[in-house]
Amino acid sequence: MTRVLSCIQPTGDVHLGNYLGALRNWVAGQHEKEVFHGIVDLHALTITEEPGVLGENTLELAAMLFAVGLDPEVATVFVQSHVPEHPQLGWVMECTLSFGELSRMTQFKDKTAKREGNFISAGLFSYPALQAADIVLYDTNEVPVGDDQRQHVEITRDAAIRFNHRFGDTLVVPEAVTPAAGARVMDLQDPTSKMSKSLGGAGCIMMLDEPTAIMKKFKRAVTDSESEVRYDVAAKPGVSGLLDILAAATGTTPHAAAEGYTQYGPLKVDTGEAVVAMLEPIQARYHELIGDPAELTRLLQIGSGRARTVASTTLSRVYDAIGLVPA
Ligand code: TYM
């Protein structure tokens, strides 16, 4: 059976980009494939400097993952720090990747630029090695992610291939899978940048935003001074960003979504309404689930137990392949 793994950081509220680019695909695959989904708190530690925050964010994120439709009966939802094999294999991956390869990672360059003047942890640099470990630990075939994570899956492939070359065929080489619409949801105020937690604000639709706030953000979305509705990312990034979201929310293509519109106003309203309708049931489930933190903790513990069973087998196989003395 095809193995799927993908993870998300507990670094603040989940937004529409996370949902359309990744989470929705996680749910879609869960009944046909064997799926593992991690809340990667150790990755979030690369930019966390206060106590308490990560634990709280982890439970909120767990509620969101179940609210979007991950079924704990079939999907293994786990917390990265509950599975010590992640940082253990992370070290092996650090030794399998080069300084040069890690230096070329776009996310590292972006994050360090945004943290100018702030503490830049060594973990931020070696981050892709831990991510490679997350992936190969589960003998993963497919990694459903947004477009921005493609480079991290590429470097994971390079690490797996190099490890296999050095120590014999041990690791499964994974592939990134991105959705046809929604792989790169753009910020509504700055449509040449992807929607992100760090930009936040009026250009970012949060999964828990009230319907009135969502409509307001769409009505104020930045477009251009023309009035033609056409999907053309280079010439019309704002309108194309809206069409991408409308297409993803209504299950069509951005070109097809553009048909019938002659003005920006109705496009903004329809996109807002489609998003409100898509998020309403998720928000209702979230509010039910977050009221029972003990149940969320129990579900995460079950998931982490299942994840450990697989992860520990892979780690032993890796240590054996290297030829470490058995413990
Ligand atoms: P993170 O937590 O930033 O984002 C989680 C998922 O959301 C997707 N995403 C987007 N998709 C479309 N449009 C956007 N504007 C947008 N913003 C975010 C991301 O592509 C991602 O799929 N490094 C990862 C976490 C990670 C991971 C892994 C992922 C750690 N280990 C192993 C896959 C496999 C990250 O920071 O995602």
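Author: Let's start with D139, which lies in the loop between α7 and β4 (142–144) (helices, H or I, have at least four residues and strands, E, at least two in DSSP). D139 is not a glycine, and yet its phi is positive, near 50°. Most residues other than glycine have a negative phi.

This is a predicted model, with local features needing pLDDT of at least 70, side-chain atom pairs 80 or more, and totals for chains, interfaces and linings using all residues. Numbering runs from 1 along each chain, and side-chain values use heavy atoms, without hydrogens or water.

Now for the ligand itself. Around the ligand are 27 residues (a heavy atom within 4 Å), and Q9, Y127, Q131, D134 and D148 are the closest. Look at the polar contacts next (N or O pairs within 3.5 Å). The side chain of Q131 has an N or O atom 2.8 Å from a ligand nitrogen. At D148, a side-chain N or O atom is 2.5 Å from an oxygen of the ligand. V185 takes part through its backbone, where a polar atom is 2.9 Å from a ligand nitrogen. The ligand alone would expose 720 Å², and the protein buries 96% of that area (Shrake-Rupley, 1.4 Å probe). Two or more residues of the shell come from each of β1 (3–8), α1 (16–29) and α7 (122–136).

Finally, step back to the whole protein. Domain 1 covers 3–182 + 293–322, and domain 2 covers 197–287 (bounds from an automatic or database assignment). Their C-alpha centres are 28 Å apart. Across the boundary, 21 residues of domain 1 are in contact with 19 of domain 2 (heavy atoms within 4.5 Å).

Conventions:
A polar contact is a pair of N or O atoms within 3.5 Å; within protein, one must be able to donate a hydrogen and the other to accept it, and residues adjacent in sequence count only if both atoms are side-chain atoms.
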